[in-house]
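Dear colleague,

I am passing on the structure below, together with some notes on its charged side chains. Please read the notes with the coordinates open beside them.

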Amino acid sequence: MTLSVGDAAPEFSLPDQDRQAISLADLRGTPVLLVFYPFAFSGICTGELCQLRDELATYTDAGVRVLAISTDPVFALKAWREQQGFDFPLLSDFWPHGTVAQAYGVFNEKAGMAVRGTFLVDAEGRIAFAEVNGPGDAREQSGWKDAVAQLAA
């Protein structure tokens, strides 16, 4: 079951690419864009996260923190972040495998990966935007930008 607008965002604490824990509770008071993706170094995921990197100011200028989440181990995330120059944390939902993706309803059990789920969590911890795309379907990011603009208004 995927989360809907108005639902409370499930809390989590995950290690980033540098093994530093980042928790949603610690970010309360700040809107957060959660971008779940299948795998580091894969073609569509690289394209999506590079677009996010290139347009990051759209989110940060509105006061939104961006967190990208996959089931990859931290070592792969660190290498990918360095290769691509991502300026936002890459969180590892590796172990227990996919627990956070499951809580958000975006875990593909058969493939052992997150699908393309995007959630904007408002400052109070509620889902303000939710979108889920299939593994092979690249996301159109204009919906995220519209949701951020509405949140900032």
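What follows is a short account of the salt bridges.

Please bear in mind that this is a predicted model. It holds seven salt bridges, among them the pair formed by Arg-28 and Glu-11, whose side chains meet with an N to O distance of 2.2 Å. Arg-28 lies in the loop between β2 (21-23) and β3 (32-36), whereas Glu-11 belongs to the segment before β1 (13-15), so this pair ties together parts that are 17 residues apart in sequence. Arg-28 is partly exposed, with a relative accessible area of 35%, and Glu-11, at 44% relative accessibility, is also partly exposed.

Another salt bridge joins Lys-78 to Asp-18, with their closest N and O atoms 2.6 Å apart. This pair links distant parts of the chain, since Lys-78 sits in helix α3 (residues 74-84) and Asp-18 in the loop between β1 and β2, 60 residues apart. Lys-78 is partly exposed at 34% relative accessibility, and Asp-18 is partly exposed with a relative accessible area of 35%.

Lys-78 also meets the side chain of Glu-82 in a salt bridge, at 3.8 Å from N to O, which falls within the 4 Å cut-off for such a pair. Glu-82 and Lys-78 are four residues apart in helix α3, and therefore about one helical turn separates them. Glu-82 is exposed, with a relative accessible area of 57%. Taken together, Asp-18, Lys-78 and Glu-82 are linked in a network of salt bridges.

Methods. Residues are numbered from 1 along each chain as its sequence is written. This is a predicted model: local features need pLDDT of at least 70, side-chain atom pairs count only at pLDDT 80 or more; totals for chains, interfaces and linings use all residues. Side-chain values use heavy atoms; hydrogens and water are left out. Helices (H or I, at least four residues) and strands (E, at least two) are DSSP runs, numbered from the N terminus. Buried means under 20% relative accessible area, exposed over 50%, partly exposed in between (1.4 Å probe, protein chains only).
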